[in-house]
Amino acid sequence: IYQKRTFGMSRLLLTDRVISNLIPSKTPYFIRDTSLKGFAVKVNPSGKIKYIAEVRHQGRTHRNTLGEHGLLDLQEARHMASDYLLRVRNDQLKKEKAKKTLGQLFQRYISGDRLKRRTVVDYKEAVFFYLSDWLDAPVSFISKAMVEKRFYKIRDKGFNGGIPTYS
């Protein structure tokens, strides 16, 4: 049975056998792969094991959760990690993020079954009412100052003829 405390190290050659023998701890821990630098598994206290890719580039750490062990094959996860690490090192990830619009990110956020149906309806109403002019804008275009200005306008003066939310 492999566990961080048992070995006193956190680097092993990740194989299906090694991963299936990992046991959860009270705190999450990582086992990093010795064959692909930046590829690892995270063992959560719940027992779920996630594949991750992590790299330090231009002074920042970039981490991406690739998927859960059992739902994702080890070789597929290793391939995805290799692709992610290459994209970060070649600054492709930054370029891809710069092209994403607020609308695309919002659709991704509300998709799936994480949120209740009523919550999705409320979020859509708020976003389309208050931020409709930003939905086609790249997220990199939206600055902190723009967000603050919009917030104070909604709070103090109302929006599109509405009433202020703060009195």
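**From an aromatic pair outward**

Mentor: Tyrosine 51 counts as buried because its relative accessibility is 0%. The classes are buried (under 20% relative accessible area), exposed (over 50%) and partly exposed in between, found with a 1.4 Å probe on protein chains only. Keep in mind that this is a predicted model: local features need pLDDT of at least 70, side-chain atom pairs count only at pLDDT 80 or more, and totals for chains, interfaces and linings use all residues. Residues are numbered from 1 along each chain as its sequence is written, and side-chain values use heavy atoms, with hydrogens and water left out.

Now the ring partners. The whole structure holds five aromatic pairs. Rings of Phe, Tyr and Trp (its six-membered ring) pair if their centres lie within 6.5 Å; planes under 30 degrees apart are stacked, over 60 edge-to-face, and the rest tilted. Phenylalanine 39 and tyrosine 51 are stacked, because their ring centres are 5.9 Å apart and their planes meet at 10°. This pair links distant parts of the chain. Helices (H or I, at least four residues) and strands (E, at least two) are DSSP runs, numbered from the N terminus. Phenylalanine 39 is also buried, since its relative accessible area is 1%.

A second pair has another geometry. Phenylalanine 129 and tyrosine 130 have ring centres 4.9 Å apart and planes at 85°, so they pair edge-to-face. Phenylalanine 129 is partly exposed at 39% relative accessibility. Tyrosine 130 is partly exposed too, at 26%.

Serine 82 sits in helix H3 (residues 74-89). With a relative accessible area of 36%, serine 82 is partly exposed.

Some rings also carry a charge. A charge sits over a ring if NZ of Lys or CZ of Arg is within 6 Å of the ring centre and within 35 degrees of the ring normal. Arginine 32 has its charged end over the ring of phenylalanine 30, 5.1 Å from the centre. Arginine 150 lies over the face of tryptophan 134, with 4.5 Å to the ring centre.

Side chains of opposite charge can pair when their charged atoms come close. The rule here asks for a side-chain nitrogen of Lys or Arg within 4 Å of a carboxyl oxygen of Asp or Glu. The count is seven. Arginine 150 meets aspartate 133 in one of them, at 2.9 Å from N to O. Aspartate 133 is in the loop between H6 and helix H7 (144-156) and arginine 150 is in H7, so the bridge ties together parts 17 residues apart in sequence. Arginine 150 is buried, at 13% relative accessible area.

Aspartate 122 and arginine 118 form a salt bridge, with the closest N and O atoms 2.8 Å apart. Both lie in H6, four residues apart, about one turn of the helix. An α-helix has 3.6 residues a turn, so residues three or four places apart point the same way. Aspartate 122 is partly exposed at 34%, while arginine 118 is exposed at 52%.

Further along, aspartate 156 bridges to arginine 155, again with closest N and O atoms 2.8 Å apart. Aspartate 156 is partly exposed at 37%, and arginine 155 is partly exposed at 26%. Elsewhere, salt bridges with shared partners join Arg32, Glu54 and Arg63 into one network.

In H5 (residues 102-110) the buried residues are Gly103, Phe106 and Ile110. Down the axis of H5 they fall within an arc of 60°, so they line one face. That arc is taken from the directions from the helix axis to the C-beta atoms. Helix H6 (117-130) is included in what covers them, where contact means heavy atoms within 4.5 Å. After H5 comes glycine 112, with a positive phi near 90°.

Last, the setting. The protein chain has seven helices and five strands. Of its 167 residues, 31% count as buried.
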